[in-house]
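Let us read some packing and pairing features together.

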Amino acid sequence: MAMKKLSAALLAVMLTVPCTIPSICLADTKIPAEAARTEDDALSDDQTEKSEGLKVSIKSYTKEYKTEQGKVYKELSYEYPQAEGDSEAAQAFNKFYKNLRTKWIRQAQENLKDAEESVSQSDSGSHYADEVTCEIANNDKDYICVFQSGYNYEMGAHGMPYRYTYIFDAKTGKKVSAAQILGISKTQLNKKVRSLYLKKLDKTQKDEDSLFYPNKDQVEEALSELNFNNNCYYLKNGKMWFYADPYAVGPYASGFIEVSVKL
């Protein structure tokens, strides 16, 4: 508990300082301080969300890789949900996230050799890192929505953010789609979401701080190729949110550009 309070205090101070050097700031802030002090592969309870369907806790996996000289060259931190109990719904839910966690760890380990070589030859004090945080965006008698936010850093100018977002039936623990919840086909869903993006584009295109690329044709072409049925959505605050990844329809600085549909 003392370490968590200290980490929170340090983070509060660091957030008041402008981050002008991405690699240094990432090394100091992206991976929680506790991660470096836990045993490899440590699993711990973090928070609990209650639902009439399932009770879900947030667990965490951490792993630190060091050179023979003791220099850290990559840190992994992965939060994931776990349903309590032995009901069929809980088993289905947990099986899904066990498989996803296994896949994530395997992918995160693919560049360990490059990470070790790069960090060994660098004096920047930075290292590779891959971090995923998790929140329960919706949890009621009908649906559980899990929102995982990732950030992969490989010592460049900046890292790459990514997301894993899924919605589950609270009674069965099985994954359900946005199209199913909205009661429309996948084709209709893409058409609806693309129209929302075009409306947002038209509304903000002349703004100096528009999130989109300035070339409207470029944005329209990119939207026509995006399939928003591919888990590019999440449920929160009574709305279905859809998002486009960084670079898809706007520059990196715009992050994930979103539109929403009220349920």
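**Helix packing**

Q: What is the angle at which helix 6 and helix 7 pack, and how far apart are their axes?
A: Two packed helices are described by the angle between their axes and the distance between the axes. Here helix 6 (residues 186–204) and helix 7 (residues 216–225) pack at about 165°, with axes 10 Å apart. Axes are lines fitted to C-alpha atoms, for helices over the stretch in contact, and angles run from 0 to 180 degrees between N-to-C directions. Helices (H or I, at least four residues) and strands (E, at least two) are DSSP runs, numbered from the N terminus. The model is predicted: local features need pLDDT of at least 70, side-chain atom pairs count only at pLDDT 80 or more, and totals for chains, interfaces and linings use all residues. Residues are numbered from 1 along each chain as its sequence is written, and side-chain values use heavy atoms, leaving out hydrogens and water.

Q: Are helix 6 and helix 7 roughly parallel or roughly antiparallel?
A: Helix 6 and helix 7 are therefore roughly antiparallel (under 35 degrees is roughly parallel, over 145 roughly antiparallel, 65 to 115 roughly perpendicular, the rest oblique).

Q: Which residues make the contact?
A: Helix 6 supplies R194, Y197, L198, L201 and D202; helix 7 supplies K216, V219, E220, L223 and S224. Contact means heavy atoms within 4.5 Å.

**The sheet**

Q: What is the order of the three strands in the open sheet?
A: The order is 8-9-10, with antiparallel pairing. Two strands pair if DSSP finds at least two bridges between them. Strand 8 (233–236) and strand 10 (257–262) are at the edges, each with a single partner strand, so one side of each has no neighbour in the sheet. The twist averages 25° from one strand to the next.

Q: How many bridges pair strand 8 and strand 9?
A: Strand 8 pairs with strand 9 (residues 239–244) over four bridges, in the antiparallel sense. L235 stands opposite M240 of strand 9. Their hairpin has two residues between the strands, and N237 takes a positive phi near 55° there.

Q: Where does helix 6 lie relative to the strands?
A: Helix 6 lies across strand 9 and strand 10, and runs at about 120° to strand 10.
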